[in-house]
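Hi,

Here is the structure I promised to pass on.

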Amino acid sequence: MRQKIRIGCGAGFSGDRLEPAVVLAEKGELDYLVLECLAERTIALAQKRKRQDPTKGYDPLLERRIESLLPLLVKNNIRLITNMGAANPIAAAEKIIEIAQKQEVKIKVAAVSGDDVFEEVRKTIAEVQILENGLPLDNYDILSANAYMGVEGILEALASDANIIILGRVADPSLFLAPMMHELGWSADDCDLMAKGTVIGHLLECAGQVTGGYFADAGKKTVPDLDTLGHPFVDVFVDGSAIISKVEGTGGIVTLATTKEQLLYEVVNPHAYLTPDVSADFTTVLLKEEGENQVKVSGGTGRPKPSTLKVSVGYQAGFLGEGEMSYAGSNALARAQLAGNIIEKRLKSDFPDLRIDYVGVSAIHRTDFDRQIEPYEVRLRVAANAPSAAKASLIGEEVEALYTNGPAGGGGARKYITEVIGMVSVLIDRHKVIPKITLFEC
């Protein structure tokens with residue numbers, strides 16, 4: 001077993017920049033590169049694409065990422081782990097092989113599936129209770145159900161010597177924990193090591209957040225060169241301690257402050273951060289600056305993994321209708337408010353959840369400022385949910401009609417109709433979720 005490995009995180013969500021992963025693969029001296037590209041709603045949308053075309057359903061940027069990364073992965077002997085398989089890891093693996101053949105590169109790809117539990121959930125839908133609201137799941141028109149798998153499938157794929165491991169729904173920290181276990185000889189029964197690895201994975205999983213991207217606040221928390229923000233890598237040692245850093249010369253910073261913010265990100269109970277692999281206690285984590293852009297992570301304790309797995313369920317939530325109109329110049333706010341009042345009188349009875357925002361005044365926090373302001377320009381935004389696209393279209397139509405039927409000076413009208421995919425969570429017995437490994441070579 002090795003005493004240390006280096007893992008880089010090249011993406012923290014599906015639409016993340018492509019360049020930071022290339023920089024890591026080229027200059028980071030990595031053993032592993034992880035691309036974390038799958039959010040809750042992302043996989044439900046991917047399931048819809050797969051139903052429309054069985055050869056799709058993987059991440060839309062898969063081809064572009066692999067085309068730029070593959071030569072560097074092979075040249076520098078870096079193994080890639082990613083959840084860009086989304087709803088269709090098999091098709092994703094086949095696409096990677098196709099790209100490798102065009103580049104005349106020999107690789108082995110392992111596709112890890114088994115997270116799709118739609119049929120299992122549908123069989124017992126009347127008995128399943130939603131975590132967020134306690135309602136039975138059969139009140140919803142479900143489109144997808146994907147369980148958060150842990151390290152098991154990744155470990156099996158790593159044992160196959162695959163160069164690239166592509167998955168669907170898996171817990172984000174598990175993408176990082178699995179190679180630690182594989183290379184450093186950690187046992188899944190050692191809850192403290194599982195917790196330490198989970199802490200490290202959690203710190204890296206959002207990529208540019210820990211190097212200052214989401215941390216930055218103009219004039220208050222300065223982060224240099226955000227236009228060339230580097231993504232992080234971590235040196236993990238056999239005892240579970242680690243040092244987080246970034247490639248020299250890239251933008252951003254790695255400090256106690258950026259690391260602390262990421263440590264607390266999306267943590268509901270720091271005493272019991274639940275993953276499929278462990279219940280981790282984040283209150284026992286220690287952070288220490290080791291040098292410029294170097295933070296040491298140690299500590300972290302754990303308790304046994306839960307008997308159930310979380311399942312993200314996507315459901316059909318109707319359609320969102322939107323309309324926008326801008327007002328500028330003298331009396332802009334009063335004219336925008338007059339337009340909003342007209343829309344409310346015409347639509348409120350048919351759209352009980354009608355929302356009227358004045359962008360630039362109170363659209364985000366939904367409250368007026370303490371002091372009186374008179375903005376030079378305001379954008380009216382009207383939105384409401386509807387059961388059909390036809391009804392949703394009425395929102396934009398009414399806003400557009402303000403051109404000649406509303407206050408003076410309106411312009412830049414836009415109207416949108418968006419199909420809405422809602423998300424809820426349920427639990428499933430972990431023994432009903434069985435990872436399956438499919439190997440491809442060229």
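What volume does the largest pocket have? About 1200 Å³. A pocket here is an open set of points on a 1 Å grid over the protein atoms alone, where a 1.4 Å probe fits, with protein on both sides within 12 Å along at least five of seven lines. Its lining takes in 45 residues, and Glu-40, Asp-172, Glu-205, Glu-266 and Tyr-273 are the closest to the centre; lining residues have an atom within 4 Å of a point.

Before you dig in: this is a predicted model, with local features needing pLDDT of at least 70 and side-chain atom pairs 80 or more, while totals for chains, interfaces and linings use all residues. Numbering runs from 1 along each chain, and side-chain values use heavy atoms, leaving out hydrogens and water.

Back to the largest pocket: the lining splits into 25 nonpolar, ten polar and ten charged residues (Ala, Val, Leu, Ile, Met, Phe, Trp, Tyr, Cys and Pro are nonpolar, Asp, Glu, Lys and Arg charged, the others, Gly among them, polar).

The second largest pocket holds about 250 Å³. Of the 15 residues lining it, Phe-233, Ser-245, Lys-246, Glu-248 and Gln-294 lie nearest the centre. This lining has three nonpolar, five polar and seven charged residues.

As for the lysine, Lys-436 counts as exposed because its relative accessibility is 54% (exposed means over 50%, with a 1.4 Å probe and protein chains only).

Cheers

Technical notes. Buried means under 20% relative accessible area, exposed over 50%, partly exposed in between (1.4 Å probe, protein chains only). Grid points are joined across faces, edges and corners, and a volume is the space filled by probe spheres set on the points.
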